[in-house]
Amino acid sequence: MDMGVKLSSKDVAKHLGIEPVTVRKYASMLEEQGYSFNKDSKGWRLYTEDDVKTLEYLCTMTKINGHSLDETVKHIASLYRSKLTISDTATSLQDNPLVEFMKRQEEFNRRMAERMEQFEKRQQERHETLTAALRESLETQKMIAATKQKKWWEFWKGN
């Protein structure tokens, strides 16, 4: 793709293998976060090679990597506002130390979520054990109280 060529939503959709309405939706979401596209005299978006790469990255992150659409749009827009791009340029995301930090943070978050799940499981087991112990204690108290009560025929006897 030549940098000077401007593509329509239909052309971008064909290139990405998605519907033109999806391209327009993604572009609109990016614009809401501060990303800007070139427009023609009618106000229609004209997509550059960088725009196509950005939309391709958006599709990849949401479909293949399972990231949420809103999360990915905000991430891309923040890169755009910081003058970083998705494309392979001098400020490539691959060489960016922030990306490595984000990967480490995601791994840390995943491990913490696992630990929280384990903790919650142990808490639930503890709760169940305590509840069972309390029930058993209550039943024992009832049995002891029942044995201490006088039998009906013992009421005729004196104390």
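1. Contact here means heavy atoms within 4.5 Å. On that basis, among the contacts in the protein with a separation of 6 or more, 50% are accounted for by residues 24 or more positions apart. The structure is a predicted model, and the points below should be read with that in mind.

2. As to overall make-up, the secondary structure of the protein comes to 5 helices and 2 strands, and from the N terminus on these elements follow the order α-α-β-β-α-α-α.

3. On burial and surface, 23% of the 159 residues of the protein count as buried, while the accessible surface comes to about 12,200 Å², with 54% of that area belonging to carbon and sulfur atoms.

4. Two packed helices are described by the angle between their axes and the distance between the axes. Helix 1, which spans residues 9–16, packs with helix 3, residues 49–63, at an angle of about 45°, and their axes lie 11 Å apart. The crossing in which helix 1 passes helix 3 is right-handed.

5. Which residues make this contact? From helix 1 come Val 12, His 15 and Leu 16, and from helix 3 come Val 52, Leu 55, Glu 56 and Cys 59.

How values were computed:
Residues are numbered from 1 along each chain as its sequence is written. This is a predicted model: local features need pLDDT of at least 70, side-chain atom pairs count only at pLDDT 80 or more; totals for chains, interfaces and linings use all residues. Side-chain values use heavy atoms; hydrogens and water are left out. Axes are lines fitted to C-alpha atoms, for helices over the stretch in contact, and angles run from 0 to 180 degrees between N-to-C directions. Helices (H or I, at least four residues) and strands (E, at least two) are DSSP runs, numbered from the N terminus. A crossing is left-handed if the near helix is turned anticlockwise from the far one by less than a right angle, and right-handed if clockwise. Buried means under 20% relative accessible area, exposed over 50%, partly exposed in between (1.4 Å probe, protein chains only). Accessible areas come from the Shrake-Rupley method with a 1.4 Å probe; for residues, only the protein chains shown count as cover.
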